[in-house]
Amino acid sequence: MLLLTIILLIFIILLLFSLSFAFRERRRRKGRPFFDNSPVELIEASDIDPIFASNEFGPSINTETLLIGDAGSFASTNLTEAWILCVLAKSASTIFEFGTCSGRTTYMLARNAPEDATIGTITLTPETAKNYQAGSDDPDLWSKQALIESNYTKFLYSDTNEEKKIRQFLGDSKTFDEHEWINQCDLIFIDGSHAYSYVKSDTEKSMRMIKNNGFIIWHDFSPACPGVWNYLSELATQYPVKHIKGTRLGILKFTNN
Ligand SMILES: C[S@@+](CC[C@H](N)C(=O)[O-])C[C@H]1O[C@@H](n2cnc3c(N)ncnc32)[C@H](O)[C@@H]1O
């Protein structure tokens, strides 16, 4: 009886120990599933750019930005994601966004970018949604999701001072002609359709549009969006794609050497 009690106690102690290890590990890997074999490395925002380095007060005043809250926003970035994008926008003269939706992130990018910056952004609308071209292996779910999010014809930035910086494209990103943007962009945000074939197509265009040392950022890098998760995991075997801790942002600092 005593032996059985001792064994049970040891079992409980071991169980508690492993649970506490598992929870600590979960916190350490914030933003990642407990078991994952993605080669996309998890990094701090300060690993992308020293401007994000914290001092004893937290993030420095150099990272001050103008943001709009995420509560009640539709299919948009959360505040940390928006803050990271907008800090980078402060020093970007040409920005491109795949996926405008309500235009909340477009507006914030424009609001924080320099006065003479240009922000291109593309979206489907209820009228152009018929041009969506699902890949043969793209699950229906992602086509439906893309079309649900294609319901804006006016945007948050419409009739604001920022509108003059923004070039809105209404159409399908697979047929978007990126030639005018080749090697022009300091920052690209890929947040259109999350179907694999679109993430691939938008990324391949972005690789041509980005400047040396520019940033390509993907939204929804999460196993919940397999098109983004799988594509970036493949891309990370060729390019140093990273995942910013505590966000769903994948990021690549593009260098053409
Ligand atoms: C997740 S929302 C974008 C959210 C926005 N970036 C933000 O942060 O607020 C997805 C957007 O991608 C657009 N989209 C989806 N499929 C597209 C396609 N094939 N071509 C162009 N835009 C597409 C949708 O119309 C919608 O505007």
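Begin by selecting Ile95 and then strand S7, where the bridge partner of Ile95 is Leu187; helices (H or I, at least four residues) and strands (E, at least two) are DSSP runs, numbered from the N terminus. This is a predicted model, in which local features need pLDDT of at least 70 and side-chain atom pairs count only at pLDDT 80 or more, while totals for chains, interfaces and linings use all residues. Residues are numbered from 1 along each chain as its sequence is written.

Now show the whole of S7 (residues 185–190) beside S4, and you will see two strands that run parallel and are joined by four bridges; two strands pair if DSSP finds at least two bridges between them.

Next, select strand S5 (residues 118–123), which runs parallel to S4 and is joined to S4 by five bridges. Here Ile95 stands opposite Ile119. To follow the chain from S4 to S5, pass through helix H3 (residues 104–112), in a β-α-β crossover that is right-handed, meaning that, with the strands pointing away from the viewer, the path from the first strand over the helix to the second runs clockwise.

Return to S4 (residues 94–98), where five of the five residues are buried, so the strand is largely enclosed by the rest of the structure; buried residues have 20 or more other C-beta atoms within 10 Å of their own, with C-beta atoms placed from the backbone. Thr94, Phe96 and Phe98 lie on one side of S4, and Ile95 and Glu97 on the other.

Finally, display the open sheet of eight strands, in the order S1-S9-S10-S8-S7-S4-S5-S6, with mixed pairing. Strands S1 (41–43) and S6 (166–170) stand at the edges, each with a single partner strand, so one side of each is left without a neighbour in the sheet.

Methods: A residue is buried if 20 or more other C-beta atoms lie within 10 Å of its own, exposed if 12 or fewer, and partly exposed in between; C-beta atoms are placed from the backbone.
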